[in-house]
Amino acid sequence: MKTLVLLTLVCTAAVFAADPPVLIQNATILTITNGTVKGSILLENDKIAAIGERVAAPAGAAVIDGSGKYVMPGIIDCHSHIMVDGGINEASVSVASMAGIPDVLNPEAIAIYRALAGGVTTVNVLHGSADAIGGRTVVMKTRWGKSAEEMKFAGALPGLKFALGENPKRRGNPAGGVPPGVVELRYPATRMGVEDVIRQAFSEAKAYRANWEEWNAKAARGELAIPPARDWKLEALVEVLEGKRLVHVHCYRQDEILMMLRVAEEAGFKVRTLQHALEGYKVAGEIARSGAGISTFADWWAYKMEAQDAIPYNAALLTRKGVLVSLNSDDPELMRHLDKEAAKAMKYGGLSEAEALSLITINPARQLMIDGRVGSLEVGKDADVLLYDGHPLSNFSKVLKVWIDGHQYFDRDQDIADRPKQEAERKELLRKLGGEPRRPAIEGGTERQTP
Amino acid sequence: MRWLLILALPAFWLAAADSDAGDSFLLRGGTIHTLSGAPIDNGSVLVRNGKIIGAGKDIAAPKGIKVIEIKGLQVYPGMIDAATEIGLAEVDGVRETLDIREIGRFNPQLVALTAVNPSSEHIPVTRANGITTAATLPQGELISGQVSLIHLDGWTTDEMAVSRTAALHLRIPSIQVSTRPVQPEEGAAPPPAAAPTTFAAAKQNFDKQITELNEFFDSARRYREAKNAKAAGFRPDLKLEAMIPVLEGKEPVLVTAIREREIRDAIAFADKQKIKMILCQAPEAYKVIKEIQQRDIPVILGPTLELPLNEDDPYDRAYTTPAELQKAGIKFAIGTFSGTASLSSRNLPYQAAQAVAFGLPHEEALKAITRNAAEIWGVGDRMGTIEEGKWADLVITDGDPLETKTQIRQLFIKGKAVDLDNKQKQLYEKYLNRP
Amino acid sequence: MMNSIMKAWKLPALFAMVLAAAAAEGPGTYVIRDARIVRVSAPALEHGVVVIRDGLIESVGENVPAPAGAWILDGNGLTVYPGLVDALSTWGIPANGNGRGGAGQGAAAARGPEDRPLNASWAKAADQIVPTDRSIQTARDGGFTTAVSFPRGNIFSGQGSIFNLAGERAGEMVIADSVAQLISFRTNTGRGFPGSLMGAIAYVRQIYSDADHYKMARAIYEKHPEGLRRPAYDRALEGVLETSLVLLPAETNVEIERMLAFARELKLRAVLYGGHEAWRAADLLKQANTPVLVSLKYPERSRDADPAQEEPLRLLQFREKAPSAPAALARMGVKFAFYSDGVTNPRDLIRAVKKAVDAGLSEDDAIRALTLAPAEIYGVESRIGSIHAGKIANLVVMDGDLFAEKTRIKYIFVDGNRFEPLPEEQAARTGGGAR
């Protein structure tokens, strides 16, 4: 279905007209910020136009019967690596801020469609965790069928990925010793070195900024001087210092969390989110006071030493202590059922339904500073809306339809209806290109499949 | 004298129970999901010496028995994770904690139970969500060893053992063509040097493996013949000795097969060698339904929460396979295949629940993680339902265990109340109370 | 047979003799009469005359008198085309002639763009031409008179040169010594930065940013060095500044969009090479006024692939529609040319162009993409690319239509020198099989 949609969109005129309004009636509407409304919601002109017990359908509106169904805002995944070509890590260096995700986006990755089918409408696409300071990051919407540029979340601040702990020191301390042919190991090899890399980088960034300020002053005075060269690596760090680029820090242990908060304070910038932070619960107070948010897993643990003290109560405990918490996936499979993950924060730690849903909607929206546009169902916000056949936190419910900016990007019924067509198209193409793969025969068995 | 008698009664009651046989008690007043019939509202379960005596609406409490009131609560058979690595792996990233994969391709004599660590933190963490039994699998190329079925409670592995050698684990050979990436990512693991890059070479590899596999089985047959005939010069061989129950049909072979071709190869192999087979993982089983049906092959499905294998597969491919098999009358259980990390064994019920969202009847989902798992593993007479004569492997919940927000109230393994505490709960409490 | 004789003897002398025999006549005066002249820059003449003198086309027309003493060819039944051009080639430059720019053996790993890894931007193909390289004759015998060859192997591989495919000294063959910079995104495997596509793109961005700065800094310094710190000499940047045209790789729709955005951001005058999915981005290419070099190596399923491996619809469509990309570009008015992309047999190249014709490209546009279009893209359209008075005398004379299988090449004119294809070349052509 997905490729057919793609082709159809390509073949039709480049400019696509505004979608007709959509009215979902008689549903249970989970607004997130204003409680539950049993009634209707109107999507018009890309935005949520009305929510209420009774909402009139404007002319030309598509009316959907939401009886027995649930409506909630599109899910926001604050940590993902989907839709990236050519590797998610520039791992040759420990400071890779010259490189970035915006340069290598792949809008045709099937992971996007699969996430969409699981209710994810906004994704914080990050560089990997191989570097103490990694590459630039970008916020996208899962507007399946559109170009990379069209998928970007317009107006969202760009980010920069940092990584602490085991991952960024792996190349400095490889498991099998120094690999053959490698002349020099990549610094750092310890957590001490990780801190050093970050401090050095910002020290360099400040010197760079000072050089520019000096030259600007000279130029203002009419003095002859050669300007500094633009250094894209340091430019990103200067943007961090100026608050124009959000900082997302992959971390695990409480000591490195505190280290990062301290280093940031010393350098003069704020950490926006601590990603994973599986030991965050141990220093919840400190984190709350710093203003940093936490974006963590519901219940992953035991895959690394630094994840040994991970507990599924992390999200709930941090929430109770006043930290802004979101749940993320960091995984193309997990991101398809973040709604089911959110329910775990109810089981482990007793968050309420509303609190649990916030973990995947308004909270990540606030963390990414896009909560003026998404994260809840409020009049005036983007019409990023999910329709479920049951309560989103129930394991027995599933996503039926997804709208982004009031345009329907996913429809389960349509997806199912399109399958035979897609299968037929594939058979046709295989025939044209010469030869369908032979059905394998059962060796020595009692049956033989005819090709 | 009477005092002595009165005192002696409980002593007699206790004496009658050996240390191994668990408690006696009556669970009273809850909804009993026996999974061998309709749920019993306001029902009770009577347990004596760790075995279920009966479940019903009105069961009188025998004198002196401990009564556990469960008003408003639910009782289910303890859940069974039909395929895991539990006990064989502690931390994925730390090699020293891993005992899953031994060197060698023909190791039928290796037994998973030997390597299970009874002190693994995964055990208390997993049973805290109602899982009482797990099948733990050795892994490797071809024959990796014996699957062991264990209770998630016991001071030693002997106490945990339900079935030391529940099945032989065979990874059916497959044709793997290695594609070298055009631009290998710096630091990414290079493909194994000997990996074939053409179909012809891969097919050759595969043919060789299948031949060797068949030869191994044939040599095991000859060994058995020689042994039975007390042939002159016969010498015991540990590897071939371990094959005998398989050859005699007393022990099944758990065959891991992923792609359709592998599943067909597995079936062909089982036909040829005349062995009892359980299909393992088999995400493409839906392509081979007829053949599986015809031979009544049970299937232990891999996790439902899994990406489709092919780009063009429907997005819900893994979610709908259980329902498809169920409609075709194929008996299946669900395994998490967990060692650690995300596919944690404790989330077994949610793997089953996802299938319900996409068409599997609720009752069938429950069976897939209790009764069917027990039957497939050959212990259907001992666990999997709440029926007379079976062990009291029971879980008491405040709701549907397939729903996440449900809390586990109590857990019994062989009638013994199991501690639901674990390191994670302890850390939670500790830091909740950090000033 | 000739092939093995050549191999056996390996004598340059023999080769020179053969060459001499093939190049029977030096630049003299030639007249082709009564032939079909496909001029490209003007409509074809069904019965036309071409006069070549001293390496240039002197006149073309319907009634042109033959100069005295000219070698005259009765062109009845023959067709004359401009000599074909390979728009992005390796012909004439031996593969191993190019070292890895940047780091030498055992040097420290590149720590970032500042170490200028994989950069040989100053290298010129014109300096690497080996006139006796086998590929030159093979190409010429197949109707190609001109190649736009580039050094290879780096991210900044160097500057392409346009040269004719005949000559004793490299310098004499060159038409334009520096036409564009070739950029490829590769990783510096094992030697540091960049280790990913992301890093390579960032590197190119930094280099162009540095180049702008370098130019400005040097200009300031030249005018007034007193009191200023001198800018370092940077040959990587010098190389990049030598040409304003940049070749960027883009095969798929996503890559085309990505590179168009990149070129726009860096304010580069770009030409994209690859182009297989250009049919999806023709409108964007038109808007950006960016020409495309279309590879004649169409995407194909690997012969070594596993036949049971399911390929996604997306990939099948990519393959099926690739030959239609040129037609789509032509319809949209996007300038494009063809290139060999490693296909060595000229016959296969023509067949590939025919495939594009079968998929909707007009023959006229096809021939243009092999002749005048590459000349225009590289700014040498006043020198080559069509049969027009004043242009270099590069022509190919055949006994039928270029795209007909049984057509044989009679003569090739390069810089007004007349060549005949070697007999073995003929055998290969009429035999129909690729070598």
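How many residues lie between S2(A) and S3(A) in their hairpin, and which residue in the turn has a positive phi? The views below answer this and describe other parts of the structure.

This is a predicted model, in which local features need pLDDT of at least 70, side-chain atom pairs count only at pLDDT 80 or more, and totals for chains, interfaces and linings use all residues. Residues are numbered from 1 along each chain as its sequence is written, chains are lettered from A and ligands numbered from 1 in the order in which they are written, and side-chain values use heavy atoms, with hydrogens and water left out.

View 1. Strand S2 (residues 36-44) and strand S3 (residues 47-52) of chain A run antiparallel and are joined by five bridges. Strands here are DSSP runs (E, at least two residues) and helices are DSSP runs (H or I, at least four residues), both numbered from the N terminus; two strands pair if DSSP finds at least two bridges between them. A:Leu43 has A:Ile48 of S3(A) opposite it. Two residues separate the strands of the hairpin, and A:Asn45 in the turn has a positive phi of about 55°.

**View 2. The open sheet of chain A.** Eight strands, in the order S6-S7-S8-S9-S10-S11-S12-S13, make up an open sheet of mixed pairing in chain A. Strand S6 (75-80) and strand S13 (325-327) of chain A are its edge strands, each pairing on one side only. On average, neighbouring strands of this sheet are turned by 25° against each other, direction ignored; axes are lines fitted to C-alpha atoms, for helices over the stretch in contact, and angles run from 0 to 180 degrees between N-to-C directions. Four bridges link S6(A) to strand S7 (residues 120-125) of chain A in the parallel sense. Within this pair, A:Ile75 stands opposite A:Val120.

View 3. In chain B, an open sheet with mixed pairing consists of eight strands in the order S6-S7-S8-S9-S10-S11-S12-S13. Strand S6 (79-84) and strand S13 (332-334) of chain B each have a single partner strand, so one side of each is left without a neighbour in the sheet. Neighbouring strands of this sheet are turned against each other by 25° on average, direction ignored. Strand S9 (residues 161-171) and strand S10 (residues 253-257) of chain B run parallel, joined by four bridges, with B:Leu168 opposite B:Val253. Helix H9 (residues 317-327) of chain B packs on the sheet, where it touches strand S12 (299-301) and S13 of chain B, and its direction makes about 160° with that of S12(B).

**View 4. The interface of chain A and chain B.** In this interface, 61 residues of chain A are in contact (heavy atoms within 4.5 Å) with 64 residues of chain B. The two chains bury about 5500 Å² between them, 51% of it on carbon and sulfur atoms; buried area is the accessible area (1.4 Å probe) that two parts lose on being put together, summed over both. On the side of chain A, A:Trp301, A:Lys347 and A:Phe396 lose the most area to chain B, together 15% of what that side buries. Six salt bridges are counted between chain A and chain B, a salt bridge being a side-chain nitrogen of Lys or Arg within 4 Å of a carboxyl oxygen of Asp or Glu. A:Arg426 and B:Asp312 meet through their side chains in a salt bridge (2.7 Å, N to O).

**View 5. The interface of chain B and chain C.** Chain B gives 15 residues to this contact and chain C gives 19 residues. About 1200 Å² is buried between the two chains, 42% of it on carbon and sulfur atoms. The rule finds two salt bridges across this interface. In a salt bridge, the side chain of B:Arg261 meets that of C:Asp306 (2.5 Å, N to O).

View 6. Most residues other than glycine have a negative phi, and most peptide bonds are trans. A:Asn26, which is not a glycine, has a positive phi of about 60° and is found in strand S1 (residues 22-30) of chain A. C:Asp34 has a positive phi near 60° and lies in strand S1 (residues 29-37) of chain C. The peptide bond from A:Tyr187 to A:Pro188 is cis, with omega near 10°, and A:Pro188 belongs to the loop between strand S9 (159-163) and helix H4 (191-220) of chain A. The peptide bond from C:Phe193 to C:Pro194 is cis, with omega near -5°.
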